[in-house]
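Thanks for coming. Please have a look at the sequence and the structure before I go through a few parts of it.

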Amino acid sequence: MSDYSLKPGVVTGEGYKTLVDAAKKGGYALPAVNVVGTNSINACMEAAAKANSDIIIQLSNSGGAFFAGAGMEDGFKAKVLGSVAAAKHAHLLAEHYGICVAMHTDHANRALSPWIEALLDEGEKHYEAYGKPLFSSHMLDLSADPIDFNLSESARILERMAKIGMSLEI
């Protein structure tokens with residue numbers, strides 16, 4: 001962790017930029033860890049706090065479904081609700097661990113675009129209520145699609161994300 005002036009918690013928008021810039025200037029990497037439940041999120045935050053480090057917590061669509069629990073019959077709903085629950089968990093506890101967390105989704109291809117869109121719906125609601133989105137960023141992997149579609153779809157999603165202070169990894 002560098003000597004920047006970010007408040008501990010989930011960072012978004014300019015805070016996320018500050019976090020990345022501090023890592024670049026300090027010559028260190030931000031660890032990124034995929035999680036599947038409160039136990040793995042807590043372990044990541046505890047390890048980051050002990051190491052005096054910030055962290056990127058990533059969630060795949062299947063990690064989101066796992067977070068919701070195997071008993072949820074609607075697989076799509078499980079991916080969305082589990083991901084939302086994971087992000088809310090990180091928002092609730094990151095500042096208490098005294099670390100900055102970038103909350104990120106991992107590799108969403110074209111078939112998973114509806115998952116990203118649903119998370120953006122929830123992120124917009126969270127932004128309206130709290131002034132910040134649920135996630136710091138999303139990863140849209142359209143590399144298997146034609147470049148024109150990849151770029152136009154990424155631009156469309158980014159336009160929506162930018163309004164609430166989010167970043168897009170493509």
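Predicted model: local features only at pLDDT ≥ 70, side-chain atom pairs only at ≥ 80, totals over all residues.

Just after α5 comes G131, with a positive phi of about 80 degrees.

Now the interior. In soluble globular proteins, nonpolar side chains tend to be buried together. Here the largest nonpolar core has 35 residues, and I57, V101 and M103 have the most contacts inside it. At least two residues of this core come from each of α2, β3, α4, β4, α5 and α6. The largest share, six residues, is supplied by α4. There is also a second, separate core of eight residues, with V11, Y16, A23 and C100 among them.

Take M103 as an example. If we leave aside neighbours within four places in sequence, M103 is in contact with V10, I57, A86, A87, A90, L134, F135, S136 and S137.

Last, the outside. A nonpolar patch on the surface is formed by I147, L151 and I170, which together have about 320 Å² of accessible area. I147 sits in helix α6. Is I147 buried or exposed? Exposed counts as over 50% relative accessible area, and I147 is at 55%, so I147 is exposed.

How values were computed
Residues numbered from 1 in each chain as written. Heavy atoms only, no water. Core = buried A, V, L, I, M, F, W, Y, C linked by side-chain atoms within 4.5 Å. Buried < 20%, exposed > 50% of the residue type's maximum accessible area, 1.4 Å probe, protein only. Helix = DSSP H or I, 4+ residues; strand = E, 2+ residues; numbered from the N terminus. Contact = heavy atoms within 4.5 Å. Patch = residues over 30% accessible without salt bridge, like charges linked within 9 Å, V, L, I, M, F, W, Y side chains within 5 Å. Areas by Shrake-Rupley, 256 points an atom, 1.4 Å probe, with all protein chains shown as cover. Salt bridge = Lys/Arg side-chain N within 4 Å of Asp/Glu carboxyl O.
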